[in-house]
Each structure stands twice: as C-alpha cells, then as structure tokens.
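Good morning, colleagues. Please turn to the sequence and the structure on the screen.

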Amino acid sequence: MKRILLMNGPNLNMLGVREPDIYGRDTLETIENMVVEYGQARGVQVEYFQSNHEGELIDKLHEAHEDFDGVIYNPGAHTHYSYALRDAVASIDTPVVEVHISDVDAREPFRAISVFDGVVVAKISGRGKEGYLDALDVLLAL
Ligand code: DQA
C-alpha cells in the first residue's frame, strides 16, 4: 500500500479560527480526516504532521525519504523564505506537491514568491481544502 505524508507548516494548526474569510472555517483536523478518507477510498495510507517549527519540518521531510511514497505539503509562510525547507525537499527522492488553500498569486506580492519552485512536482493554489485532494490525485497519477 502506498504511504502519503500530509504535512502542514506554521499557523495552519489555527485553521478554522485564523482569517476565515481567506482560509475558510474548516479546522486542520477536519482537513486531515478528509484527506485520510480520500486516501482510504483509493487504497492509500495517509499520515499527517503539522509543526510551527522549521527544524521539525526538515526532520520529517528527511524521514519521508525512507517512509513515504509522496508528500502533500502546505509550507505556510515558509513558502516565501525558507531555503532550508527548499533544500530539505530537494534532498529527498520522494515527490512533494505544494498546496496553498488561498490563491497566493492574488494576494500580497510577497506571497507570489515560492522558494519551492523547481523542487516540487506540482503547486496547487487557491482551491481551498480541495487542493489537498487534488495534490493526492497528482501523486497517484505519477
Ligand atoms: C498559505 C499561504 C501562505 O502565504 C500563508 O503564509 C499561509 C497559508 C495558504 O495555504 O494559502 O500560512 O500557505
């Protein structure tokens, strides 16, 4: 059975409370359960991890090299400046799909920049929580 890691970066634990006009009212737990169920229906095991700490996210990506067949990753604000996380993604053979709930290209200019350009297999932005399911479809189609 394929194993997929669903990983969320800083402040995404606050979904449901955080700027609901932008990110919606679903909690991270709801989204995690949604992706697990979507995976189950497709014979895929989904595990999830969220952290507000760069080093923990780097460690988890290193583990993904051995332990997972693909990663669905919303890096939060790390998207726009963390070269350490970009290097972690580039360090592993496991394919990573970048996901953003909001349309990052339609917001402040700094959000249009992603340090993950060129190291992820796809980027999905502005599809709300459905974007996580699209990312799983992308990984399964590889
Ligand atoms: C986000 C977009 C980022 O710019 C922001 O810092 C986030 C969430 C999104 O899911 O739309 O934390 O990645």
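This is a predicted model: local features need pLDDT of at least 70, side-chain atom pairs count only at pLDDT 80 or more; totals for chains, interfaces and linings use all residues.

Residues are numbered from 1 along each chain as its sequence is written, and side-chain values use heavy atoms, with hydrogens and water left out.

Let me begin with the ligand. Around the ligand stand Arg-18, Tyr-23, Asn-74, Gly-76, Ala-77, His-80, His-100, Ile-101, Ser-102, Val-104 and Arg-111; a residue is included if one of its heavy atoms lies within 4 Å. Asn-74 has a polar side-chain atom 2.8 Å from an oxygen atom of the ligand. For His-80, the distance from a polar side-chain atom to a ligand oxygen is 2.7 Å, and for His-100 it is 2.8 Å. A polar contact here is a pair of N or O atoms within 3.5 Å.

I turn now to the helices, which are DSSP runs of H or I with at least four residues, numbered from the N terminus. Helix 3 (residues 54-67) packs against helix 4 (residues 83-91) at about 5°, with the axes 9 Å apart. Axes are lines fitted to C-alpha atoms over the stretch in contact, and angles between N-to-C directions run from 0 to 180 degrees. Helix 3 is therefore roughly parallel to helix 4, a term for angles under 35 degrees. Glu-54, Leu-57, Ile-58, Leu-61 and His-62 of helix 3 touch Ala-84, Leu-85, Ala-88 and Val-89 of helix 4, where contact means heavy atoms within 4.5 Å.

The second pair is helix 2 (residues 28-40) and helix 5 (residues 130-141), packed at an angle of about 30° with axes 10 Å apart. These two helices are therefore also roughly parallel to each other. On helix 2, Ile-31, Met-34, Val-35, Tyr-38 and Gly-39 meet Tyr-132, Leu-133, Leu-136 and Asp-137 of helix 5.

Note on methods. Angles under 35 degrees count as roughly parallel, over 145 as roughly antiparallel, 65 to 115 as roughly perpendicular and the rest as oblique. A polar contact is a pair of N or O atoms within 3.5 Å; within protein, one must be able to donate a hydrogen and the other to accept it, and residues adjacent in sequence count only if both atoms are side-chain atoms.
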